[in-house]
Amino acid sequence: MKEPGPDHPIIIETSHRRVRVILAGTVIAESGAALVLREASYGPVYYLPRADARWEYFTRSARSSHCPYKGEASYYTLTVGDTVRADAVWSYEAPFPSVAEIRDHLAFYPDRVDAIELL
């Protein structure tokens, strides 16, 4: 486990904008309580509460990965009608203490959904 610091900062804030995720013309998640995570030189990532996702479109994937700053990530495949996007969503179910706020939240790969809208 690595701690965020000056060489690799991680900042988590409450988003001041509503976030909507769309796939195949269907809203699969929408939240007014999203978090925005800014990590080092990467672009911002919006994490939406699990409670704000439409779970009928999600299937747990066998994929997992490890981030030395955040912990073990699990993945979900999205299916809307005939549209299937493998491993389009990730979640840290037991994140490291320094990023505990992202527990019970989901993040979406922008190139695996049709849109992540900031309203």
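# Close-ups of a predicted model

**Trp 55 is partly exposed, with a relative accessible area of 32%.** Partly exposed lies between buried (under 20% relative accessible area) and exposed (over 50%), using a 1.4 Å probe and protein chains only. This is a predicted model: local features need pLDDT of at least 70 and side-chain atom pairs pLDDT 80 or more, while totals for chains, interfaces and linings use all residues. Residues are numbered from 1 along each chain as its sequence is written, and side-chain values use heavy atoms, leaving out hydrogens and water.

**Six aromatic pairs turn up in a search of the whole structure.** Rings of Phe, Tyr and Trp (its six-membered ring) pair if their centres lie within 6.5 Å; planes under 30 degrees apart are stacked, over 60 edge-to-face, and the rest tilted. One of these pairs is Trp 55 with Phe 58. The pair is tilted, at 4.7 Å centre to centre and 45° between the planes. Phe 58 counts as buried because its relative accessibility is 8%. Trp 55 also pairs with Tyr 76, edge-to-face, at 5.4 Å and 75°. Trp 55 sits in the loop between S5 and strand S6 (58-67), and Tyr 76 in strand S7, so the pair ties together parts 21 residues apart in sequence. Strands are DSSP runs (E, at least two residues), numbered from the N terminus. Tyr 76 is buried, at 6% relative accessibility. Trp 55, Phe 58, Tyr 76 and Phe 108 make up one aromatic cluster.

**The largest nonpolar core has 20 residues.** Such a core is a set of buried Ala, Val, Leu, Ile, Met, Phe, Trp, Tyr and Cys residues joined through side-chain atoms within 4.5 Å. Ile 28, Leu 48, Phe 58, Leu 78, Val 89 and Phe 108 have the most contacts inside it. Strands S2 (19-23), S3 (26-31), S5 (45-49), S7 (71-80), S8 (83-91) and S9 (105-108) each give two or more residues. Apart from this core lies another, of 14 residues, among them Ile 10, Ile 12, Tyr 75 and Ala 107. In soluble globular proteins, nonpolar side chains tend to be buried together.

**Which residues does Phe 58 contact, leaving aside its neighbours within four places in sequence?** Contact means heavy atoms within 4.5 Å. The partners of Phe 58 are Ile 28, Ala 53, Tyr 76, Thr 77, Leu 78, Val 89, Leu 106 and Phe 108.

**The largest pocket is lined by 18 residues.** A pocket is an open set of points on a 1 Å grid over the protein atoms alone, with protein on both sides within 12 Å along at least five of seven lines; lining residues have an atom within 4 Å of a point. Gly 43, Pro 44, Val 45, Tyr 47 and Trp 90 lie nearest its centre. Strand S4 (35-39), S5 and strand S10 (115-118) each supply at least two lining residues. The largest share, three residues, comes from S5.

Most residues other than glycine have a negative phi. Ala 24 is in the loop between S2 and S3 and is partly exposed, at 35%. Asp 87 is in strand S8 and counts as buried, at 16% relative accessibility.

Terms used. Helices (H or I, at least four residues) and strands (E, at least two) are DSSP runs, numbered from the N terminus. On a 1 Å grid over the protein atoms alone, a cavity is a set of points where a 1.4 Å probe fits but cannot get out, and a pocket is an open set with protein on both sides within 12 Å along at least five of seven lines; lining residues have an atom within 4 Å of a point.
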